[in-house]
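Here are my notes on the model you sent over.

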Amino acid sequence: MAYSRILGTGSYLPETVLTNAQLAERVDTSDEWIVSRTGIHSRHVAADNELTSDLAVRAARAAMQNAGVTPDEIDMIIVATTTPDMQFPSTACIVQEKLGIPNCAAFDVQAVCAGFVYALATANGHILSGVANKVLVIGAEVMTRILDWEDRRTCVLFGDGAGAVVLGASDEPGLIRSKLAADGRHQHILNTPAQIAGGKIQGIPYLHMDGPAVFKFAVKALSDIATKTLAEAGLDKSELDWLVPHQANVRIIESTAKHLGLPMERVVVTLPEQGNTSAASIPLAFDAAVRDGRIKRGQTVMLEGIGGGMTWGAVLLRF
Ligand code: ACO
């Protein structure tokens, strides 16, 4: 088996929807400001008793069903999350227990909004080296739990959800090329700096973001990595059927699409109804486009994400 390939996809969104109008009753903002600056209209919010692992399990079950794979066939679980159920064990271990898979490797990947592309590239490496045969790759987040609901600069941007794929060993080409990057010198523009020390939370436990700095960084980094990934794969822009980007801001998405010469009709956008779900946004968008028939088997797809760290990456695949 010389390749890894996506065998199935799944996703889950919590029931409760929070609209911009509802948010405007809590903080000094407006639907007009949020839509014009970001493209977001509403987002899903997890119930108080729903944990990241609960969202992850719902998405994972849907992906396994879609792939025609049973839990006992899974030999590795990778969860990309920045909002784990607890400090440790990893959310992947909790997901493993909830899915009733007794014997498989399980670990989390922390690369914030780039987490899913990091996790997918990691799963690909494990499959190509023969360590694993079928890997559950999940992006799951409850971002609304780390927001300061009095900070209008951040609380309007994020939502909760989970998406998953089953990646399996294959004779047919699937993942063509992945490229990951990080630059820790920019950690201060996007972080949640709190630590547990002396039995207490020390520092600010809420997401902090210098929006304009992240925006500027994201536009350049995403265009560069998308171009390099295509070039390294020996593919031309015109051979790309779909772009499935991290869903943070519609203006960033439009700028990357323009750089790749892709019309917006070939870009999957779920941001208006979901907001930024961090590591979950790419698999949520991918699953939506697979299920509604836009992304078809045999098509060439670019996934790309950027998040705190800063971290960013792209995965080019044949579906
Ligand atoms: N409602 C009304 N006014 C607001 C709001 C709001 N929700 N938020 C900010 N403002 C105000 C500010 O107070 C400011 O007013 P002032 O000039 O009087 O101080 C003004 O609007 C402009 O604020 P900016 O922050 O400069 O607004 P900007 O146009 O840059 O948009 C945004 C902000 C949407 C956050 C944008 O910068 C952005 O999308 N950045 C990138 C985010 C991103 O890509 N994140 C990805 C990674 S996320 C992760 O890894 C977890």
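**Notes on the predicted model**

1. Let's start with one histidine: H246 sits in the loop that runs between β13 (242-245) and α8 (250-260). Keep in mind throughout that this is a predicted model.

2. Is H246 buried or exposed? H246 counts as buried, because 33 C-beta neighbours fall inside 10 Å and 20 or more is enough for that label. Setting aside its neighbours within four places in sequence, H246 is in contact with C113, S281, I282, E304, G305 and I306.

3. UniProt, in an unreviewed entry, lists C113, H246 and N276 under "active site". These residues are spread over 164 residues of sequence, yet they cluster in space, with a largest C-alpha distance of 8.6 Å.

4. Now for N276, another residue in that UniProt listing. You'll find N276 in the loop between α9 (271-274) and α10 (281-291). N276 is buried too, since 23 other C-beta atoms lie within 10 Å. Leaving out its neighbours within four places in sequence, N276 is in contact with L157, F158, G159, Q247, A248 and S281.

5. On to the ligand. Which of the 24 residues around the ligand come nearest? They are T29, G211, A248, N249 and G307. The elements giving two or more residues to this shell are α2 (31-38), α6, α7 (211-232) and β14 (300-307). Helix α7 makes the largest contribution, with five residues. By class, the shell has 13 nonpolar, eight polar and three charged residues.

6. Where does the ligand lie relative to the domains? Domain 1 (3-172) and domain 2 (176-318) both give residues to the shell, so the ligand lies between them.

7. The centres of domain 1 and domain 2, taken over C-alpha atoms, are 14 Å apart. Across the boundary, 46 residues of domain 1 are in contact with 43 residues of domain 2. On the domain 1 side, β1 (3-12), β3 (42-45), α5 (115-128), β6 (134-142), α6 (152-155) and β7 (160-170) each supply at least two residues. The largest share of that side, seven residues, comes from α5. Sorted by class, the side of domain 1 that touches domain 2 has 22 nonpolar, 18 polar and six charged residues.

8. Finally, the whole chain. The protein has 10 helices and 15 strands. Its radius of gyration is 18 Å, close to the 20 Å that the globule rule gives for 319 residues, so the protein is as compact as a globular protein of that length. The C-alpha atoms fill a box of roughly 55 × 45 × 35 Å along the principal axes.

9. Two last figures for the fold. Of the 319 residues, 52% count as buried. Among contacts between residues at least 6 apart in sequence, 76% join residues at least 24 apart.

Notes: Residues numbered from 1 in each chain as written. Predicted model: local features only at pLDDT ≥ 70, side-chain atom pairs only at ≥ 80, totals over all residues. Domains from an automatic or database assignment. Contact = placed C-beta atoms within 7 Å. Helix = DSSP H or I, 4+ residues; strand = E, 2+ residues; numbered from the N terminus. Nonpolar A, V, L, I, M, F, W, Y, C, P; charged D, E, K, R; others polar. UniProt positions renumbered as here; feature names shortened; annotations may be inferred. Buried ≥ 20, exposed ≤ 12 C-beta atoms within 10 Å, placed from the backbone. Rg over C-alpha atoms; globule rule 2.2 N^0.38 Å. Near = placed C-beta within 6 Å.
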